[in-house]
Amino acid sequence: MDSIPTPPSRSIEGRLADYYLLKGMLYHKSGEQAKLFNSFIQAVKYGEMEKNYDVAGQASLDLFSNAYSLNKDSTAFKFLEQAREFYTLANNQNGLVEVEQMPAYMAFQDHQYEESNRLILENLDLYKNVEEDAYYYLFALFMLTSNYIHLGDTVNSEKYFRIFQSLQDNTTIAPYNYRSYEVDLNICNSHLALENNNFNLALDYLAEASRSKAFMEHVSVKEYYTLYSDTYEHIGNIEMANIYRDSLRDYEKMLLEDNISASFEIHENLIKTEGELKIEEAKKQRNLLFALSMVAVLIVLIVIFSLTYTRLLNKLKGLFSQLNKTSYLNRNQERLNAKVQGLEDLIKDYKKQMKKISLTNDVGKQRNMIRELYSELNLKSSTLLSNEKHLEIVNDSNAEFFINLREQSPQLTELETLVCYYLFLDFKNKEIAVFLNRSVRAIESIRYRLVKKLELEKNGESLVDFLHKAVNP
């Protein structure tokens, strides 16, 4: 972990959730609670951002177990519900099994040993049957053994301790998990033996725990030193009792120093994060102002374009009588195609120009570009398509589209057919509304009626897909 360059967000991007989860586990072992909570909260944050919901669920569950041990309030249960949500998103059934173990764990933490055992035994077979990950069975056996030790039931505590030990070589269990639980059980047995004044047995269990001292968590370490000190005091070995008392004081002093250091580190991180948030907020405000100005410019352009195009449509009205499509195509195909193509090219050109204007950051340059576009619109509107009807131009110059569509769907009106044509060309509702001199809501209503008339809801086919199939059968 120490070899990863800082800040980790640059060196291991995309794996930050795993990084902070591992850091949290290390702090859990060393008892650095402030750093533990900070790391697990970061693991949840990045797990959600990276969509690594398995890690986010595990970190949430670790936050719950640690928070519940310290303070049994709504904050802890928020983490538990959060773990359930993340494991559900990840479809992690084993993770959800662990979430369901938590009521038994809460009873275990609250020293309600009989209630904890009842909840565990109800589901013990379920935990045992998760063969691909025996951790859940191991954890259940650990709680059962510990509960029976505290209840003074040596028969059952020894029974479940033997089953617990049978999982030592199980390859699906991390050695750390097994050894950390085993050392806790040896310490529990030592505590029981000391209460029963069986000092030699207490020392035997402590010696067994010593072999796994590296796997002790901070609570277990403190209890380990305390039990050794109390046991030696009871047998009259004051020198050894004092040695273990000194070791306990040194360990508690080290924990205090680590937590003070962690508090300073977290405080510095919060200050740094606050500064980054302020910078980000300023950027967002600038981007918002720029976006609003762009929207205003585009609205002006759309209004100008709409008015200009309306004038063009008015000039097209009443200039051509209806002609037979076949004879018209034979006589005027080339001329009409050229004019309609000119209109389509003009529309595409204006769209490109408006997009170019919206992407320009220089306000002065934007102003000049808008003036030029306005002049061009006025200039071309007086000459473009000066003597043709809109519907007839589009209809006649694209006769194949309209013939095929009418053969397939004769129930459509001319306006509906024209809307189909523009949809076929991939125009948006706003663009079609400008071309037909109608509101966007009117175009949306026409599209809705088209879906109903063509019965597209039955097979879930989109209107645009239908038009492409109808015109290109």
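**Notebook: helix packing and selected residues**

Entry 1. I began with A83, which counts as buried at 0% relative accessibility (buried means under 20% relative accessible area, exposed over 50%, partly exposed in between, with a 1.4 Å probe and protein chains only). I note that this is a predicted model, in which local features need pLDDT of at least 70 and side-chain atom pairs count only at pLDDT 80 or more, while totals for chains, interfaces and linings use all residues. Residues are numbered from 1 along each chain as its sequence is written, and side-chain values use heavy atoms, with hydrogens and water left out.

I placed A83 in helix α5, residues 74-89 (helices are DSSP runs of H or I with at least four residues, strands are runs of E with at least two, and both are numbered from the N terminus). Setting aside neighbours within four places in sequence, I found A83 in contact with G57, S60, L61 and V99 (contact means heavy atoms within 4.5 Å). I also looked up L63, which is 20 residues from A83 along the chain, and the two C-alpha atoms are separated by 9.3 Å.

Entry 2. I next checked helix α4, which covers residues 53-70. Its 18 residues reach 26 Å from the first C-alpha to the last, close to the 26 Å expected at 1.5 Å a residue (the expected span is 1.5 Å times one less than the number of residues). I recorded 13 of the 18 residues of α4 as buried, so this helix is largely enclosed by the rest of the structure.

Entry 3. I then turned to helix pairs. Two packed helices are described by the angle between their axes and the distance between the axes. For α11 (residues 175-195) and α13 (residues 218-234), I noted axes that come within 10 Å and cross at roughly 30° (axes are lines fitted to C-alpha atoms, for helices over the stretch in contact, and angles run from 0 to 180 degrees between N-to-C directions). The two helices α11 and α13 are therefore roughly parallel (angles under 35 degrees count as roughly parallel, over 145 as roughly antiparallel, 65 to 115 as roughly perpendicular and the rest as oblique).

On the α11 side I listed D184, I187, S190, H191 and L194, which meet S220, E223, Y224, L227, D230, T231 and H234 in α13. By class, this contact of α11 with α13 has four nonpolar, five polar and three charged residues (Ala, Val, Leu, Ile, Met, Phe, Trp, Tyr, Cys and Pro count as nonpolar, Asp, Glu, Lys and Arg as charged, and the others, Gly among them, as polar).

Entry 4. For α19 (residues 414-424) and α21 (residues 440-453), I noted an angle of about 100° and axes 10 Å apart. These helices, α19 and α21, are therefore roughly perpendicular to each other. I found L415, E416, V419, C420 and L423 of α19 meeting I443, I446, R447, R449, L450 and K453 of α21. The contact of α19 with α21 has seven nonpolar, no polar and four charged residues.

I also looked up T417 in α19. At 3% relative accessibility, T417 counts as buried. Residues up to four places away in sequence not counted, T417 touches F401, F402, L405 and L412.

Entry 5. I closed with backbone phi. Most residues other than glycine have a negative phi. I recorded N197 with a positive phi near 60°, in the loop between α11 and α12 (199-210). N197 is exposed, with a relative accessible area of 53%. D426 has a positive phi of about 70° and lies in the loop between α19 and α20 (429-436). I noted D426 as exposed at 52% relative accessibility.
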